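This report covers a ligand site and a metal site. Look at the structure first, then read on.

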Amino acid sequence: MPGKIEANFILTDCGELLTMAGGRLSPRRAADLSRLKIINGCSVAALDGIIVWVGADPEAQVTLQPGSVELSARGRLVSPGLVDAHTHPVFAATRELEFEMRALGKSYAEIAAAGGGIVSSVKALRAADHQQLVNLALPRLDTMLKFGTTTVEAKSGYGLSVDDEIKMLEVIAALAERHVLDLVPTVLAGHEFPPEYRDDHGGYVRLITAEILPAVAERKLAEFSDVFYEQGVFNREQARTVQQKARELGLQLKFHVDQLTNQEGASLAAEMGAISADHLEYVSSDGIAALAVAGTFGVLLPGAGYFLDMPQRPPVRQMIEAGVPLALATDCNPGSCMSESMQLMMNLACVTYKMTPAEAFCAATTNAAWSIGRGDRLGSVEIGQQADLVVWDADNYRQVPYHFGVNLVRRVIKKGRVVA
Ligand code: NIG
Ligand code: FE
């Protein structure tokens, strides 16, 4: 039959398909953040991992090559693969003692000041070798995949020396080779001041700009550079110095800002043309306006707010109304959010941030993809996008954030192959 489309993957009988159509052209903001573009009762076909057709009546429209993957969703909900836009998945030791200390009344900042926190993860990471770190991270990535995540941004930031930051980013590169997940690497040399620079913050900023970032850029080990701009960590000028250098070296910018206190960090991120400003519990109205004008993403991390039992939540409705593009992520790390589950983050976004289930889905798929520079390749189910899909044990999208604490994933499809 003339005009038939050739494919080697087909998923038929999708009950409710969240296409996020139009997502490949631009991120969603304001009222558009709830546009799921649902098609009921349809099929999705792909050729070599790229979506070539979405519609009804596949027999008439699609020719399958011999050996094709053929799958039925049996009337279930189907969505794009979830995108986790902010994680720290490479670490050598868990920190459950700090979890217990918080239960006994200590704060995140007090624990850090007492030698716990990021610095304790730095000590553990420096003592571990490449292979140990790969072996420890692989099961975390497996969990992410089983819970429906198909692309993950992954940060360094527990090395904080030339060799250890390179080691961490080489671990991320090795994981990207070994694992079916797509990994997007970020250098976070400005995560904390390492013990040897405790009394010489200027010296560490110079090490970052003169040695760490150039070494990372030369080896092409990162796409993004991030910095933790916060009281007691990197101040405004230090954060600016680090990120100016990163930008000169061709890296795009991300920031951990306004997490524990308001530092007008969102304004700095917007002013420097960052792709995203993450956390934002204490963002000001000026910061929100600056993000909206610059088109800088707000990446929301409701798991960290929950896990640290933060007294302050980000003003999410105000950000949506101002037109800030928003994404969701786990922040998966041993200190402030020990969870790989984007399903849980969607639940927390609805319960604690009063996002709607539709907003949570857009923020966890197409917008999350844009916030790591991938929106034109993945995050929506439309022709030309990567065939990354989740078949859910649910018949409509509201059930996913609603039914929490369980894994509702039935199947995960990555580039047109069933992987979980
Ligand atoms: O995103 N805010 C700073 N960094 C991490 C925490 C890392 C850690 O505690 O190890 C975060 O929450
Ligand atoms: Fe983080």
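The shell around ligand 1 comprises four nonpolar, nine polar and two charged residues. Here Ala, Val, Leu, Ile, Met, Phe, Trp, Tyr, Cys and Pro count as nonpolar, Asp, Glu, Lys and Arg as charged, and the others, Gly among them, as polar. This is a predicted model: local features need pLDDT of at least 70, side-chain atom pairs count only at pLDDT 80 or more, and totals for chains, interfaces and linings use all residues. Residues are numbered from 1 along each chain as its sequence is written, chains are lettered from A and ligands numbered from 1 in the order in which they are written, and side-chain values use heavy atoms, with hydrogens and water left out.

**Ligand 1.** In total, 15 residues surround ligand 1, each with a heavy atom within 4 Å of it. The closest are Arg95, Tyr108, Tyr158, Gln259 and Ser336.

| Side chain | Distance to a ligand 1 oxygen |
|---|---|
| Arg95 | 2.7 Å |
| Asp331 | 2.9 Å |
| Ser336 | 2.6 Å |

The protein covers 100% of the 330 Å² of accessible area that ligand 1 has on its own (Shrake-Rupley method, 1.4 Å probe).

**Iron ion.** The protein donors of ligand 2, the iron ion, are His86 (NE2), His88 (NE2), His256 (NE2) and Asp331 (OD), at 2.1 to 2.3 Å. Donors are N, O and S atoms within 2.8 Å of the metal (3.2 Å for Na, K and Ca); water is not among the atoms, so sites may look incomplete. The donor spacing in sequence is H-x1-H-x167-H-x74-D.

His86 counts as buried because its relative accessibility is 0%. His88, at 3%, is also buried. Buried means under 20% relative accessible area, exposed over 50%, partly exposed in between (1.4 Å probe, protein chains only).

Conventions. A polar contact is a pair of N or O atoms within 3.5 Å; within protein, one must be able to donate a hydrogen and the other to accept it, and residues adjacent in sequence count only if both atoms are side-chain atoms.
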